[in-house]
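Here is a short briefing on one protein model and its ligand. Look over the sequence and the structure, then read on.

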Amino acid sequence: MLSADKLIKKYSSLTVVNDVSLNVAKGEIVSIIGPSGAGKSTLLHLLGALDKPDSGSVRINDIDVFQLASKKQARFRNKHIGFVFQFHHLLPEFSALENVAVPLWISGKGRKEALAEASEMLNTVGLELRKDNKPSELSGG
Ligand SMILES: Nc1ncnc2c1ncn2[C@@H]1O[C@H](COP(=O)(O)OP(=O)(O)OP(=O)(O)O)[C@@H](O)[C@H]1O
Ligand SMILES: [Mg+2]
């Protein structure tokens, strides 16, 4: 399902991701472990097509994501990739419900449908009583 080939990412003289290749099968759960600063987030950003490698490729469901034009790549990410960030990156003026609905609106769903789907997702994770709260009123986790 996910396949990375010879990924390299440098920040000026610092090579953070050095020739990483890996395969992940559908349904497989993988942990990436290493000390702080080892390059875990950088690698995840490459695997999720949030950042471009200096060289190497990432294929997700047989799509070579860095070969997609930028709009197509953004659409692919919106439809197929989910992230739980180290820092939450929520929009402070929006409620929990609206924050969850934003990617659905971006994908072209109507307001009502997106809010209904977002509401279901929050129920699934036990946040049914916190839908109308802003991020500053929620616990970190
Ligand atoms: N935008 C950037 N510009 C320059 N250097 C960066 C940038 N992003 C990350 N780095 C450097 O790359 C290295 C890897 O960072 P990264 O965030 O991937 O580490 P990490 O393994 O996720 O660490 P942590 O466990 O603390 O989250 C670090 O040395 C960091 O300082
Ligand atoms: Mg990190």
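**Briefing**

Asn 18 counts as exposed, because it has 11 C-beta neighbours inside 10 Å and 12 or fewer is the limit for that class. Asn 18 is found in strand β2, residues 14-24. The model is a predicted one. The protein holds 4 helices and 4 strands.

**Overall layout**

- The elements run β-β-α-β-β-α-α-α from the N terminus.
- The C-alpha trace spans about 45 × 30 × 30 Å along its principal axes.
- The protein has 141 residues, and 12% of them are buried.
- Take the contacts between residues at least 6 apart in sequence: 50% of these join residues at least 24 apart.
- Two domains are assigned: domain 1 covers 2-66 and domain 2 covers 96-137.
- The C-alpha centres of domain 1 and domain 2 lie 29 Å apart.

- Which residues are around ligand 1? They are Tyr 11, Val 16, Gly 34, Ser 36, Gly 37, Ala 38, Gly 39, Lys 40, Ser 41, Thr 42 and Gln 86.
- By class, the shell around ligand 1 has 3 nonpolar residues, 7 polar and 1 charged.
- Helix α1, residues 40-47, gives the most to this shell, with 3 residues.
- Gln 86, one of the residues around ligand 1, sits in the loop between α2 (70-80) and α3.
- Is Gln 86 buried or exposed? Gln 86 is exposed, because 9 other C-beta atoms lie within 10 Å, and a residue with 12 or fewer falls in that class.
- Gln 86 and Ser 41 are 45 residues apart in sequence, yet their C-alpha atoms are 8.3 Å apart in space.

**Nonpolar cores**

- The largest nonpolar core has 8 residues: Ala 4, Leu 7, Val 17, Leu 43, Leu 46, Leu 47, Val 58 and Val 65.
- The elements that give two or more residues to this core are β1 (2-11) and α1.
- Helix α1 supplies the largest share of this core, 3 residues.
- Apart from this core lies another, of 5 residues, including Ala 96, Val 100, Ala 101 and Ala 118.
- What does Leu 46 contact, leaving aside its neighbours within four places in sequence? Leu 46 is in contact with Leu 7, Lys 9, Val 17, Asp 51, Pro 53 and Val 58.

**Helices α3 and α4**

- Helix α3 covers residues 96-106, and its buried residues are Ala 96, Asn 99, Val 100 and Ala 101.
- Helix α4 is part of what covers the buried residues of α3.
- Gly 108 follows α3 and has a positive phi, near 105°.
- Helix α4 (residues 111-124) has 14 residues, so at 1.5 Å a residue it should span 20 Å. Its end C-alpha atoms are 20 Å apart, which agrees.
- The expected span is 1.5 Å times one less than the number of residues.
- Just after α4, Gly 126 takes a positive phi of about 75°.

**Back to Asn 18**

- How far apart are Asn 18 and Ser 55 in sequence and in space? Asn 18 and Ser 55 are 37 residues apart in sequence and 10.0 Å apart in space, C-alpha to C-alpha.

Definitions and conventions: Residues are numbered from 1 along each chain as its sequence is written. Chains are lettered from A and ligands numbered from 1 in the order in which they are written. This is a predicted model: local features need pLDDT of at least 70, side-chain atom pairs count only at pLDDT 80 or more; totals for chains, interfaces and linings use all residues. A residue is near a molecule or strand if its C-beta atom, placed from the backbone, lies within 6 Å of it. Ala, Val, Leu, Ile, Met, Phe, Trp, Tyr, Cys and Pro count as nonpolar, Asp, Glu, Lys and Arg as charged, and the others, Gly among them, as polar. A residue is buried if 20 or more other C-beta atoms lie within 10 Å of its own, exposed if 12 or fewer, and partly exposed in between; C-beta atoms are placed from the backbone. Two residues are in contact if their C-beta atoms, placed from the backbone, lie within 7 Å. A nonpolar core is a set of buried Ala, Val, Leu, Ile, Met, Phe, Trp, Tyr and Cys residues joined through C-beta atoms within 7 Å. Domain bounds come from an automatic or database domain assignment.
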